[in-house]
Amino acid sequence: MLNIINRYVLQFAVILFLMSGANVFASNDVEEVIVVGSKITNSYGDPEYDSSIIEVIDPTRVFQPGGLGGFVGSTLNGTDVKHTAVYKNGIPVNDAGSGWYDFGQDLPGWQTVKIIGGPNSVLYGSSSMAGTVLIEDTFDKYFFARGGENIGYVAGGNEIFQVHRYRGTSGSVRTDNDELDWFESSSVKLNTELGDWQMIAGSQHYEYDYDYCMKHIILAMTMINDCTQKGKKNDFSLRGKGLTLGYSSNDVGFYTERDESWHAKSERYFADYNKEVLEGWILGIQSQREQYLGNEDDSASGYMNYNHSFDEFKAISFGYRYTEGENILRLGADLDGFRLAIANSYRKPNLYELNGDAIVQSNFDLLPEEGIGAEFGYEGLTVWYYEFSQGIDYDYTDNQYVNIGEYESQGVKFNDYFMTSNAGNFGIHLAYTDTDRIRIPMYKARLDYFNGNDRFDYTISYIGQWERGLDFDGTPIDDVSTVQINLGWWITNNYRLSFKIDDVFDKEFEILPGYGAGGRVFSLSLDLSL
């Protein structure tokens, strides 16, 4: 039945496309729709200041378990990593198997990043129960190089292509040994315009040394620290005339010494068509196929969104999506600086949760996740509340995903970058989170001070995370407290030299039990805008 629905959805898309006409149609990419009532934060990945893209999304996450290359997912508003939808160049890139997006291998390279808070499943699909991250690759003439002790990063490009090469280590992934574990990455991105259409394609190959993996030794499972992860990530998007087509894949193998112990490949084929049928009214349809470990799933959705502006500072929005036999509703409002967004959410179990793999046991009795979320705010202040009537989480005892029933996440956050005064520029990011999820700090803070002139400038940053709770086995998780300093010198208007000190006071700790982080690091960067 679902394949039949998909066929009719695609036929309907073709009919709408032919009826619209190229001359009268206005392009409306989903990521360009104004999301009334949500807190929207615009930033970009700057390799001079940021270590990874996750730091751009959450400024307090300057460390990640296992260092660069180790898994790290977005936990917007204290929710699960599968509840943040990630779009890259107009297409969803959440892993087609697991449902999350791993930012651990993504290097900052002047991508523009838009973070849309609140439940947004109407526009961005079931993965956006807690929020949405939109990443756009930029293409300009530039050259960038960064070096330091055991760190080397070179990137460059023009209006058509980009290339990136990174090799570095922050020491051992785990605290029970002192070997150097390395992360290497090579990537290329292409950009071209074909009439009214834009095509962007990217490919990344990476290799990551990690510890604590399982190896068969005389039919017994033994944990060892000689492990390697080798992966390939590909994404392709074609956008224009209201139609977006895309493909993404994640092909990864895990090795113990010389032998491949486990391999997985996930793929997604994606199509979205939308049209503004009346002023403020957008109708759209989406269809996608997900494949993982020989399993596949087809899905189709129809959606509509209506925005109405009373004046420059007042607007309301109503959205509706029909997906998998479920009705998703969203209401948003912006009133003189006050924001309100409320919506229900629905997410069916993904291919990984249902089928498992060589380690994770299958569970075909999983029920879909359902919940409701609300976000309210004024200027830089945001309050949120999520209540899930049914959740899905990993059971470490039975090694499978199970339904966990009800759980909640609520909190408040404030951010303002930058507040300008006669004394300089100040940035502040504060958050309090009360959630039933593990590994999420209750208190987070980042304080930045920036000052300088047309030639010299400096930035001092303090980052902290406290009350980080217990790990899945009851082990306490260390707090985070660190200071960064960045000194910059504009040699000319196009040539910039900078010197950065990470973790100025050399405070090493465990970001997760058994996984070290921190430690003073010096690096030097050269940025040439051509």
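Two strands count as a pair if DSSP finds at least two bridges between them. With that in mind, welcome to a set of close-up views of this predicted model.

**View 1. An open sheet of five strands.** Here 5 strands line up in the order S1-S4-S5-S2-S3, with mixed pairing, and the sheet they form is open. Strand S1 (40-44) and strand S3 (91-92) stand at the edges with a single partner strand each, so one side of each has no neighbour in the sheet. At the S3 end, strand S2 (residues 84-88) and S3 run antiparallel and are joined by 2 bridges. To find one of the contacts, look for Tyr87, whose bridge partner in S3 is Pro92.

**View 2. A nonpolar patch on the surface.** The residues to look for are Leu335, Phe338, Leu340, Phe376, Tyr378, Leu381, Val383, Val412, Tyr432 and Tyr443, which together have about 830 Å² of accessible area. Strand S20 (338-347), strand S21 (369-378) and strand S22 (381-395) are the elements that give two or more residues to this patch. A handy landmark is Leu340, which lies in strand S20. Leu340 has a relative accessible area of 37% and is therefore partly exposed, as that class runs between 20% and 50%.

**View 3. The second largest pocket.** This view shows an open space with a volume of about 1,000 Å³. There are 40 residues in its lining, and Ile151, Thr169, Ser170, Gly518 and Val521 are the closest to the pocket's centre. Strand S7 (151-157), strand S8 (161-168), strand S30 (515-517) and strand S31 (521-529) each supply at least two of the lining residues.

**View 4. A salt bridge between Glu48 and Arg496.** The structure as a whole has 28 salt bridges, and this view picks out one of them. The side chains of Glu48 and Arg496 meet at 2.9 Å, N to O. Glu48 lies in the loop between S1 and helix H2 (53-57), while Arg496 belongs to strand S28 (residues 495-502), so the pair ties together parts that are 448 residues apart in sequence. Are these two partners buried or exposed? Both Glu48 and Arg496 are buried.

**View 5. A salt bridge between two strands.** Glu290 and Arg268 form a salt bridge, and their closest N and O atoms are 2.9 Å apart. Glu290 sits in strand S16 (residues 281-292) and Arg268 in strand S15 (residues 259-278), so this link spans 22 residues. Buried means under 20% relative accessible area. Glu290, with 15%, is therefore buried, and Arg268, with 6%, is buried too.

**View 6. A salt bridge between two loops.** In this view Asp471 pairs with Arg439, and the closest N and O atoms are 2.7 Å apart. Asp471 lies in the loop between strand S26 (456-466) and strand S27 (480-490), and Arg439 in the loop between strand S24 (424-435) and strand S25 (443-452), 32 residues away in the chain.

Notes
Residues numbered from 1 in each chain as written. Predicted model: local features only at pLDDT ≥ 70, side-chain atom pairs only at ≥ 80, totals over all residues. Heavy atoms only, no water. Helix = DSSP H or I, 4+ residues; strand = E, 2+ residues; numbered from the N terminus. Patch = residues over 30% accessible without salt bridge, like charges linked within 9 Å, V, L, I, M, F, W, Y side chains within 5 Å. Areas by Shrake-Rupley, 256 points an atom, 1.4 Å probe, with all protein chains shown as cover. Salt bridge = Lys/Arg side-chain N within 4 Å of Asp/Glu carboxyl O. Buried < 20%, exposed > 50% of the residue type's maximum accessible area, 1.4 Å probe, protein only. 1 Å grid on protein atoms, 1.4 Å probe; cavity = no way out; pocket = protein on both sides within 12 Å on 5 of 7 lines; lining within 4 Å. Points joined across faces, edges and corners; volume = space filled by probe spheres on them.
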